[in-house]
Every structure is written in C-alpha cells, then in structure tokens.
Number of protein chains: 8
Amino acid sequence: MSARTWSVYLAGEIHSDWRERIEAGVGEAGLPAAFSAPITDHAASDDAGVGTLGEEGEPFWRDHMGAGVNAIRTQTLIRDADLLVVRFGDKYRQWNAAFDAGFAAALGKPYITLHDAEFDHALKEVDRAAQGTARTPEQVVDVLRYVIEGRLP
Amino acid sequence: MSARTWSVYLAGEIHSDWRERIEAGVGEAGLPAAFSAPITDHAASDDAGVGTLGEEGEPFWRDHMGAGVNAIRTQTLIRDADLLVVRFGDKYRQWNAAFDAGFAAALGKPYITLHDAEFDHALKEVDRAAQGTARTPEQVVDVLRYVIEGRLP
Amino acid sequence: MSARTWSVYLAGEIHSDWRERIEAGVGEAGLPAAFSAPITDHAASDDAGVGTLGEEGEPFWRDHMGAGVNAIRTQTLIRDADLLVVRFGDKYRQWNAAFDAGFAAALGKPYITLHDAEFDHALKEVDRAAQGTARTPEQVVDVLRYVIEGRLP
Amino acid sequence: MSARTWSVYLAGEIHSDWRERIEAGVGEAGLPAAFSAPITDHAASDDAGVGTLGEEGEPFWRDHMGAGVNAIRTQTLIRDADLLVVRFGDKYRQWNAAFDAGFAAALGKPYITLHDAEFDHALKEVDRAAQGTARTPEQVVDVLRYVIEGRLP
Amino acid sequence: MSARTWSVYLAGEIHSDWRERIEAGVGEAGLPAAFSAPITDHAASDDAGVGTLGEEGEPFWRDHMGAGVNAIRTQTLIRDADLLVVRFGDKYRQWNAAFDAGFAAALGKPYITLHDAEFDHALKEVDRAAQGTARTPEQVVDVLRYVIEGRLP
Amino acid sequence: MSARTWSVYLAGEIHSDWRERIEAGVGEAGLPAAFSAPITDHAASDDAGVGTLGEEGEPFWRDHMGAGVNAIRTQTLIRDADLLVVRFGDKYRQWNAAFDAGFAAALGKPYITLHDAEFDHALKEVDRAAQGTARTPEQVVDVLRYVIEGRLP
Amino acid sequence: MSARTWSVYLAGEIHSDWRERIEAGVGEAGLPAAFSAPITDHAASDDAGVGTLGEEGEPFWRDHMGAGVNAIRTQTLIRDADLLVVRFGDKYRQWNAAFDAGFAAALGKPYITLHDAEFDHALKEVDRAAQGTARTPEQVVDVLRYVIEGRLP
Amino acid sequence: MSARTWSVYLAGEIHSDWRERIEAGVGEAGLPAAFSAPITDHAASDDAGVGTLGEEGEPFWRDHMGAGVNAIRTQTLIRDADLLVVRFGDKYRQWNAAFDAGFAAALGKPYITLHDAEFDHALKEVDRAAQGTARTPEQVVDVLRYVIEGRLP
C-alpha cells in the first residue's frame, strides 16, 4: 500500500489548544497527515481586511473586508482537504464553524465534529451530516490513526 | 419578458413570524414567488426521526434520526431554490442556519441574511458570502420586489 | 407554501408488494408525490436486451445487453428523483439495490433504506450513507408525510 | 511518454488473498501502480467507531459509527483513484462492494469487477457499468499491464 | 407511477428516414416521448453561419461560423435530453455523430447507437460507451417502449 | 418534434433599444423564445442596494450593496438560460457584460456577442469563447430563428 | 514564473509518425511538457480485451471487451490532461478521435485538431469546439512553445 | 502546519509593472507562492494564432485564431490557480480581465481586483464577486502574506 499524506483541515474554535493536541497526538503516532487551519490569531484575523486593503471606519464593512480576505484562505484549504475536523467550543457563537461544515457537506467532503455533549441537540443537523462526533482531540487522533493506518488504540 | 416564478427558501429561526411577514409582503406586492422552508413546528421537527422510523431512547441518536429525516426536506428544497433568506434570531445558537448558508455558498446559490446588527461581528463570514444583509422582513420583500420586477419601494 | 410534487424512486427488491403499500399509503394520505421505479416484471427485465436489440446466445452477454437497456431507465429516473427508497428483501443478493444506493450517494441524492434488522450489519455502509432506515413500508409513508407536510402519524 | 503512477483502489471482499496476488503480480511486472484499499482487518473494521469515538451498546449504532469512520477512508480513496477493482467473493453479501461500484459509476470513475461466473446474473447491473469483468487476480494484473504499458501477456 | 415524458435526442446521419421511422413507431406505440434533433436540412445547416451572421468567403471560416450556430442548438438539446440515439449511416464520415456521443458520455448521459454491423469494428469505442447498439429504427422503438413502459414487443 | 421554449438572456448595454428590437423580431417570427435580462432602469439598478437594504453614504459600499442585489437576479437568470446574447455598445466600459460572458463560458453555456467591428480587437477573447458574433439585433433574430426552427431568412 | 509541466494527450490516428514528430520538436525546444496517448500498437489494442480478460469468439463482443479496457486508459489520461491534440489522418474513419474530442469538449478541456484541409468541411463541428486547427505536427509544436513559454517561431 | 505553495494567477493589464511588483514583494516576504499569467508580450500575444497555425489576412479571424491559442494558456492556468489577482489599468478596455473574473467566479475560484478608485462604479459587479479590492500591488502582497502566513504588515 502506498504512503499517502492525508490533508486535514481544522475548522472552528480558536480559543483553546485543541489543534495543538491533535497535531501532537498525530506526531507521536507518526501518521502521514498534513494539517491546515484558518488564521488562529484572533486580532490579526479581525484586521485581515483593514490591515491589508486599507482603512475603513464602519464596523460592518471592516468585518466584511476581513471576512473576504479570510475566505480566500479558508475556502481554498477546505477544497484542498481530504477531511475536516469542525470544533465547537463553549464560547462565542461560532457560526463560521457551522458554515464551514455546511460548505464541506455540499462539496461531499467528509468531516468529524468535535464538541461537548451539551451542544448535541443544537448541533444535530451539523452532526448528522458528519462522519462522526468526537468529544476530545485524542478521539480525533484515534480516528485519524484508524483511517490512515487501520490501527485502533 | 417572461413571467418567471422565483423559488425562495426561508432558512433559520423558527420562533418568530418573519416568514409570515415576508410572505404577506410578497403577496401584497403581487410578486411571482414560491416559498419553501424547513418544518417550523418545533415539536414535530424534534420528533421527525422517532415519530416515523421507530423508538430510540438515547437523546444523541434521537436527534440523529430526526436530523436525517429533516435533511431530506431541507437539502432538497435548498437545491431547488433560486435564492435563500437565512434568518438568525436572538434565541438559541441556530447553527443549522449557518450550516444551510455554507451549504448554499458551496453550491453557488445566492442568499440574503436577515439579522440584527448585534450579530454582525459573529456572522461576518456568513454575511460575506451572502449577496446582502437585511435587518427586517420588509427589506427582504423590497429585495425580492427589485430582483423580480426591478421596482424600488 | 407552494404545492411541490416530490419525486420518489423506489429501488431494489421486486418480489414483494412493498411498492404498492407505499403508494397506497401515500395515496390515502393525499401527499403530492410521484413514484418511479425500475421495471418490476422480472421476466421482461431479464429479456430487456435480447427482446429489443436482437438475439444473443451467451448468458453473460444476454445479461450485459439487458442491463444496458435497464440502466437507461434506472439511471435517468434516479437522477430525476428528489429521494430514493432502497429496499433489500430476504431473497437474492440484490447487489443492484446497493449499486443504486452508491450511485445516489455519489450524486448527493438522499435515500432511505428499507430492510429487516437481520441485514443491519451487512448493510451498515449502505445504511450509514442513508438519511434513515425504515423497517416497514408504513414507516416510509410516515417519513414522506413528514418530509412533505410536516405531519407526524 | 511520461512515467505516470496509476492509483488503483481495491474494493470488496476482505477474506481471501486477492489483493496480495494483484499487488505481487504488479510488482513482478514492474508497473508504476499504487494501491489503496479499505481497512481489511475485519475485527478492527467492525470496531472502527466504538474503538475511536467512544462506547455504544446498541448494535445498529455501533455499526453506524463504524461505517461513518470507515467511509472517511473509503470515499476519500475512491475519489483519489484512477481505477477500481471491485471483488465479489462467495461469502457474505458484500453489499458494500456493490455500493462502492455505484459510487464510482456516478463519479464517472472506471472499474473492473472480479468474480466467478456463478454471480454473473446477480451482478449484471454492476458488471454492465464496469469496463470489464475478470475471473482471476492474474487477469486484473494483465489488464493493468496493458492499460499502463500496452503490453499483453 | 407517474406519466413522465422522455426527452430523446436523435443525433447523426441526416440523409435517410431513420428519424421519421422512430417517431412513427413511437407514435403508434403511444409512448410519452418528445424528440429533438439537429437541423436536418443539409443546405440550411451548411449556411447556418453565413445565412445569419453575414457573408464570409473563406470556406474554413464559413464552416466555422455555421458550426458555431449549429452548436447552440445541438449542445443545448443534448444537455436537455434524457437519452440520445446516435446514428451512423453509410455515407460521409459523420464525425459529428461520434463527437456528440463523446460529449454525451462525458456528461454521463445514456445513448444508443444505431448502425450496420459493417461499422462495428470502427465504432467499437463509441459502442462501448453506449447502453446498447441497435441495427434498425424499429429496435430503437422497442428499446424506448421497454424503457418507458416495460413492455417487450 | 416538440415545441420547446428557448430561454434567452440578454446581457450588457442598457442604453439603446437592442433588446426591444430582438424581442420584436422574435415576436414577428413567432418563435417560442422567452427573454430575460438584468434590470435595465439605470437609476433603479444603481440604487438596488440602498433602495432595499438601507442607507449607505460611502460610494464604494453603495455600489457593493447594489451589485450584490443585482447579482441575485443576473446570476440566477444566466444559470437558467439556454443561450445568452452579450451586447457591447459604444458608451461606458461595460465590464459587467464581459464578466457575464466569462461566467457563461465557465458554465459551458453558449452565447452570441453583439457589437460593432470597431471593438473586434478589444473583444477578441470574449468573441472567441462565443458561438458567433452579430453586428445587428436583426442578425440575432436570424440566429434564433435558425437555432429554434432551422429556417434561414 | 513557475516551471509548470504541461500535460498533453495525443488522441487519434495511430498509423503515422505525428506523435513522434511532436515529441521530438518539443524536446528540441526544451519545453516542459509530458505526453500521453492511447496504446498505439494496433494489434495489441485490438486484443486488449481477449488478451487480458479471456477468450471471446464473437467479433462484436471481442471489440466490446477491448474497447472497455482501452477506455480505462484513454478516459483517465484525457481527464488528466491540460490539453489534447486530436489527429485525423486519411485512413480509416477514426470515429474514436471525434469521440475523444466530444468527450474533452464536454469536460471544458481545450484541444487542437490536426488534419489536412480536405477534411475541413466534414470536421467542422469538431474544429469549431477546438481552440485551433493545425495542419502539421510542427505547427502543434509552435502552439505548445507559445502556450508554455510565449515564444513564437 | 504544512508548507503549501499557493498558486496565484495574475490576470489583466499588460502595460505596467504591477506583476513584477507583486512578485518582488512576495519574494522579499519569502512567501511560498507560484505565479502564472497570460503571455504579457503584447506583440507576441496578438500573433499567437497566425504565428503558429498559419497565415490569415482577415483581422477578425487573425484575432480569433490568436484568442483561441491564448485561451489554452489562460483557461488552463486559471483552473489551476488557488487565487487570481485581476488588474484593470487606465488604458484600453480590458474586457478580457473582466471575462477572466467572470470565468473565475463561475468556477467558485476566489479573486482580488486591483484598480484605482476612478473605476469603482464601472467595476462594481466585478468587485462584488471578488474577495476584496486592492489599490496597489503592495496591498496585494499584504493580502498574500496574510492569507498564506497570517501576518499583517
């Protein structure tokens, strides 16, 4: 069997260390996976438009400009990915995570959700279109180990 | 010019009368538009799985079954629509509305968001991929009147 | 809301009356649904090739010719359908039903499986890509009633 | 002419050594082909869900979880492949093999079936959508040698 | 079952009465089928460009202009069709018929070829991608009767 | 042959009567064609955003809002059309006409350009992807008459 | 600018040295291009089915089997190519070349035709959908040199 | 995170040094980006057809031949790109830049426009479908630095 590198996009929450935990676990497991993600520096992400394309005083349009620049990155990387992990944390509304999940679903691209049970009911549509729901980053590592190499923990 | 009926899917919040206000306004304006929507009876929607495919005690799987049945309706109607209106209200997290927006975006299908300014920052990615953001159902009617017949209020 | 006619393709087993039961139930419920199906006359279906395109003595090629003609019907109707019901009975191997399910899945077209619990393990991949699994034709009618009109039994 | 590596997905039966025989034959022939496959460790495959995403007592949902995780692998590798070989053996019902064939067919992806003549009639739809039907792994090697290098045995 | 009208495009040879024979046979059989075709008036077809878009003396560009105008018709009708019949006669090279077959094949659209056995070897690639090969217009009618209504002659 | 209504989108210049001349000519010829177009009331088109979605003082964002609303109409109608006519007049830069042509080309949708010879060199890429270039609305009518009914003037 | 390798599929006639002349010219010009083609050993190509998948006495089915195996190669390489050259020689009917052109056209894949002027009228539809028509392999090399490096002879 | 090379197509104006400035800025920033572009040698571009495929006296057809050859390059590189920058300068009408933008938009491919404010109104449709509008090549570099590495200037 060939040694394929799996491309995994880590969507959603940017306020906890879940991405690092997945990447560390995958590194320890020695899996051939390459990760990508949105820009996770919150301040930079908010200024992605006005920090590159010029000043704008109106908050709505500042956000609009920033979201346009960020979408170049996120939609390109999602289209490139074999698989997404979509994380919902307990802060903020994280509508962009759900948007990314819907975007992936329409492209026929598989994704795993990662969230606590308290959000199960609110996320039922998003979870239904997923290939599985994980509770911890370690479970995501377990999924990747199995998907890539067929080994269970 | 031909009299085309525009197909409009009304996604998102099911706890206020925004759909009725849009349909009433479009009716008064005499516009050739046909509306569709998810099932908006909250109790029925939650029981869509166990009420049709048989009992299930575990809440996660109850939701899973229900979301599967609901998705038959929602994804079919979204694929059929010319245009979506995606409403975010002030209650609940409404991740399914953002999911629908992402789904539409990936299909290249236009949508209008409908929400208060307080959510602008949180919805910036969803708004960016939209063709416009309305604050009231009446503004949505104005958009439809213009899109369909070219008349401004 | 507009009165949309839902197009439902009934795939799979041709040796029991499940199609008639679904159509009867939908008729009683007064639902706007139009059904399509493969040719269910087993003898005619087996002769679809040699009965139209000329004689062929070799069984493999007889089947090949027949399957070609049948595929004109089945693949066209599947592409046209909003939704499929895929039935697995207790006789024969019914690989064509699983083929139709895979075909629908790749097109992003929703389907419901209909089979007894004894096949659950063998059909797990086919069920996983479905929007739900029914045990009886009456449950399929219940799903259609909900999907089309939002009413539970 | 350029030295292209052909990507071949080996779908279906996991209880005989047909994959090894194809890979060995291709190795002896020195053909530039890379193989991929579902996880062929039956026990691991059955536990793909509960072994990664957490316990589940109900058999239907255990299978559902496992099939979701397995589908990440199988559908990704099928989309990546240039060609599939779909094997039907004499044990089990192997509906997943037929599902994979239908999935490939809808994507316009070529495949070869591999099975004994006793299944010809039952597999006629699956064979018809294939580019050919082989009886032995060695014939598959012959097809690959020809397709890749134009040499007949 | 619903009364669906099947849309059939009749591609290829324009020098014999095969289209009329198919349409007559389908009319006698009372089948719900609607036919479309390229413009079959050879002289008009050759002048489709210069007769509409203005004079052009150079034969290559005259043909180029005409083929552009004809392609508006043919490619639109092929995209609309459920099924094509592609006829190869004994005169001219009829490369456009083979072009239409390739165009349909890439779109995943089914077609039947119609030609004498003397062309079997030369047309083997075109026939292989077809759902069947007929020798007479009457056989095409038989195929349509079966596909639409399941009746054999 | 069936009486198909052809759907024609008239893109581009909104300052001369070319649309009326095409529609009049098609009416006189009795052709089954239905026309659609962008909103051609220049003032309304410029206010499409602020006239529906609320005030905006900055000209760039006024245009941005207006273009978003207009695109709901134009991109939907272009996707619906069988054929486009793309008109370039002698005033303004008409980049939106070229944008529509590129949009149609990427969708595989045929179009005819309509412009004077003075623009031939500047429009060579746009003309190359077209099925033909007309100089007058009457020539467009001639093309439609031929495409729909096979009759030359 | 990056050094991109262009992938070029050489379709059509297999009885003259046009492929070698194009590859030699491209080699002399030092262009980064990789070529692919159908199997050009006529005898092997005719036996592609029976030489790999087992004996078959009936000529029609021999061809059918062979064409199936050949299509694995040709359709995969066409989908992979950036550009096709489609050659029509003066022998045989070469319907497969026209089929490949139609297949490429429907995929939105550019191609150049290569043939003598005597076939211009018969090939007008095939030429119209091409990006250009060359008369000699050397002209094809000139096109590739320009397309890849912007240099004219 | 993996070191992905971003592929950027630089469309539009060929009479100023904006491409060089973007490439220089990206080089200084050390970003992993590979650029592609149309042939920017104006004289060669105009002769792309007659310089490769043979003489042609009529200006319209000279342009037609040239545009066909150029489109092989431009449409292939646009399909390959992750992102486009579309530049509108103050000379010529640059309809091909707008055509490329529309082509990219229909493919769901992100682009940034680059032009002075004086064209804002005329380019409003093209800007609306873009992910952002830059005024200087340096702003484009800033966007790329952010998109690729998340750093703001």
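**Two interfaces of chain C**

Chain C and chain G bury about 370 Å² between them, and carbon and sulfur atoms account for 67% of that area. Buried area here is the accessible area, taken with a 1.4 Å probe, that two parts lose on being put together, summed over both. In chain C, the residues that lose the most area to chain G are C:Glu56, C:Trp61 and C:His64, together 89% of what that side buries.

Before I continue, a word on the basis of these values. This is a predicted model, in which local features need pLDDT of at least 70 and side-chain atom pairs count only at pLDDT 80 or more, while totals for chains, interfaces and linings use all residues. Residues are numbered from 1 along each chain as its sequence is written, chains are lettered from A and ligands numbered from 1 in the order in which they are written, and side-chain values use heavy atoms, with hydrogens and water left out.

I stay with chains C and G. Four residues of chain C are in contact with four residues of chain G, contact meaning heavy atoms within 4.5 Å. How many salt bridges does the rule find across this interface? It finds zero, a salt bridge being a side-chain nitrogen of Lys or Arg within 4 Å of a carboxyl oxygen of Asp or Glu. Three residue pairs are in polar contact, both residues at pLDDT 80 or more. A polar contact is a pair of N or O atoms within 3.5 Å; within protein, one must be able to donate a hydrogen and the other to accept it, and residues adjacent in sequence count only if both atoms are side-chain atoms.

How are the two copies related? Superposition is by least squares on the C-alpha atoms of residues with pLDDT of at least 70 in both copies. Because 100% of the interface residues of chain C are also interface residues in chain G, the copies meet through the same surface.

I turn now to chains D and C. Here 35 residues of chain D are in contact with 35 residues of chain C. The area buried between chain D and chain C is about 3,300 Å², with 66% from carbon and sulfur atoms. On the side of chain D, the residues losing the most area to chain C are D:Arg93, D:Trp95 and D:Phe99, which together make up 24% of what that side buries.

Chain D is superposed on chain C by a rotation of 180° with 0.0 Å of shift along its axis, at an RMSD of 0.0 Å. That is the relation of a two-fold axis. Of the contact residues of chain D, 100% recur in chain C, and the same surface serves both copies.

The side chains of D:Lys124 and C:Asp46 meet in a salt bridge at 3.5 Å, N to O. Helix H4 of chain D gives the most to the side that touches chain C, with nine residues; helices are DSSP runs (H or I) of at least four residues, numbered from the N terminus.

Definitions and conventions:
Helices (H or I, at least four residues) and strands (E, at least two) are DSSP runs, numbered from the N terminus.
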